[in-house]
Amino acid sequence: MATYDLIIKNGTIVTADSTAKGDIAIKDGKIKEVSVGKPLEATAAREINADGLHILPGMIDTHVHFNEPGRTEWEGLETGSRSLAAGGATSFFDMPLNSTPPTINKENLELKRSAASEKSVVNPYFWGGLVPENIADLKGLHENGVIGFKAFMSPSGIDDFHNVDDETIYKGMKEIAALGSILAVHAESTVMCEMLAKEKLDSGKVTARDYVESRPIISEIEAVRRIISYAELTGCKLHVVHASSRKVVEVIKAAQERGVDVTVETCPHYLSLTVKDIEEQGVIAKCAPPLRDQEEVDGLWEAVANGEITTIGSDHSPAPASMKVIKDNIFDGWGGISGAQSSLNILFTEGYFKRNVPLEKIVELTATNPAKLFGLANKGTIAVDYDADLTLVDLNESFELKKEDLYYRHQHSPYIGKTYKGAVKTTIVGGEVVFDNGQLTK
């Protein structure tokens with residue numbers, strides 16, 4: 001009888017701390033042996049020869065919008081999770097919107113959890129929402145297992161998920177601090193963005209560059225400074241999502257240096273796309289905060305290299321094609337980039353190959369740090385008794401991303417037509433192969 005369920009042989013094992021050739025043995029969904037420099041002398045029901053491949057902890061994508069229930073036609077848990085598996089992600093944190101009803105109480109959380117248990121091929125986790133009307137519901141959400149809470153400091157674009165005013169920020173952060181949880185924020189200034197957009201629209205200025213200029217970096221900085229002040233006042237742990245510029249990161253770094261418990265995420269699109277992409281592709285490349293110029297992309301990579309970024313999440317925010325084809329007035333199109341399947345490809349291409357970012361750093365930002373920050377005790381690295389959530393990648397393989405490669409419900413993305421180096425070959429979730437050589441197996 002075989003000793004293990006699965007043995008992966010001859011791969012290059014990458015963690016946040018090291019890279020070494022070795023074998024991995026898996027049983028009952030857990031890593032049971034890691035042998036470096038010496039072949040495993042054991043048998044398994046299945047063996048994978050990973051010679052020439054790198055084995056990484058599966059990406060934990062802390063920022064996706066799968067929109068189920070209620071807007072499943074925008075994406076859904078089935079297609080969303082399949083796209084993650086194809087991209088080497090083994091866990092996701094689904095945002096409380098744009099599903100409807102949004103995840104702002106424990107009853108709505110259970111609707112989403114029930115759907116995920118039936119449809120997801122990777123590990124699902126869920127954010128709870130913080131909105132002006134649900135302070136009394138935060139405890140119930142926490143006790144029922146949300147990973148943390150998410151708030152918008154500016155309008156979300158969704159009628160049933162309201163942005164927070166300063167009173168809600170204060171009351172919500174006090175409660176979240178008391179619960180020992182964390183608040184993630186979309187940080188842009190409502191007043192700045194609304195006034196600038198009105199000025200643009202009143203003047204008939206509706207190009208891609210006009211949209212970008214209506215949501216400037218200073219808008220992010222103003223909101224981040226304000227929310228950090230409330231974090232200092234309340235003692236609430238704070239996580240700023242999708243920072244689009246190192247200038248934003250510098251504000252967070254200064255707060256960290258004076259003892260504020262604040263962390264920061266950026267996204268693959270801010271590390272690879274620029275205003276030129278939204279000018280060329282239109283609403284397909286529209287997001288908020290918007291894409292920036294090349295110098296900001298380069299600045300964020302410097303922040304990555306210097307350890308100033310905590311996590312990288314895709315902020316996958318899809319919508320039907322009909323909402324992405326508006327040409328005359330880009331302000332009218334839905335903002336959100338479809339990118340969950342491409343995160344690791346982008347980080348390998350733009351980071352590892354183009355800028356010499358170590359693979360260990362990529363693992364740290366996409367797996368180890370998310371697991372530590374959000375309390376996933378058995379995930380985020382490759383070690384004995386950790387969950388067998390792994391991705392095998394061929395760093396020598398280059399490919400052009402094609403529409404038909406995408407597992408999204410709507411096969412559009414600003415990354416289509418671009419060439420990437422570093423292909424996901426196999427994704428393993430809880431010891432089970434869910435994606436292998438271009439095909440979903442679950």
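Let us start at the largest pocket, which is lined by 33 residues, with Pro155, Ser156, Gly157, Arg215 and Ala288 lying nearest its centre. A pocket here is, on a 1 Å grid over the protein atoms alone, an open set of points with protein on both sides within 12 Å along at least five of seven lines, and lining residues have an atom within 4 Å of a point. Please keep in mind that this is a predicted model, in which local features need pLDDT of at least 70 and side-chain atom pairs count only at pLDDT 80 or more, while totals for chains, interfaces and linings use all residues. Residues are numbered from 1 along each chain as its sequence is written, and side-chain values use heavy atoms, with hydrogens and water left out.

The volume of this largest pocket is about 650 Å³, where a volume is the space filled by probe spheres set on the grid points, joined across faces, edges and corners. Its lining has 13 nonpolar, 14 polar and six charged residues; Ala, Val, Leu, Ile, Met, Phe, Trp, Tyr, Cys and Pro count as nonpolar, Asp, Glu, Lys and Arg as charged, and the others, Gly among them, as polar. Helix α5 (190-202) and strand β10 (149-152) each supply at least two lining residues, and the largest share, five residues, comes from α5. Helices (H or I, at least four residues) and strands (E, at least two) are DSSP runs, numbered from the N terminus.

Now step back to the whole chain. The domain assignment, which is automatic or from a database, gives domain 1 (2-55 + 385-397 + 419-440) and domain 2 (59-373). Their C-alpha centres lie 30 Å apart, and 24 residues of domain 1 are in contact (heavy atoms within 4.5 Å) with 23 residues of domain 2.

Where do both domains contribute to one lining? The second largest pocket draws at least three lining residues from each of domain 1 and domain 2. This pocket has a volume of about 320 Å³, and of the 16 residues that line it, Ala86, Phe399, Val424, Phe435 and Gly438 are the closest to its centre. Strands β15 and β16 (419-429) are the elements that give two or more residues to this lining.

Strand β15 (residues 390-400) also leads us to β5 (residues 54-57): four bridges join the two, which run antiparallel, and Leu56 has Thr391 as its bridge partner in β15. Two strands pair if DSSP finds at least two bridges between them. On β1 (residues 4-14), two bridges join that strand to β5 in a parallel run, with His54 as the bridge partner of Thr12.

Further along, three strands form an open, parallel sheet in the order β6-β7-β8. Its edge strands, β6 (59-64) and β8 (123-126), each pair on one side only. The twist averages 25° from one strand to the next; axes are lines fitted to C-alpha atoms, for helices over the stretch in contact, and angles run from 0 to 180 degrees between N-to-C directions. Four bridges join β6 to β7 (residues 89-94), one of them pairing Val64 with Asp94. Helix α1 (residues 77-86) lies across β6 and β7, running at about 140° to β7.

Finally, the structure holds one cavity of 30 Å³ or more, a cavity being a set of points where a 1.4 Å probe fits but cannot get out. The largest cavity has a volume of about 40 Å³, and its lining includes Pro57, Ile60, Thr90 and Lys379.
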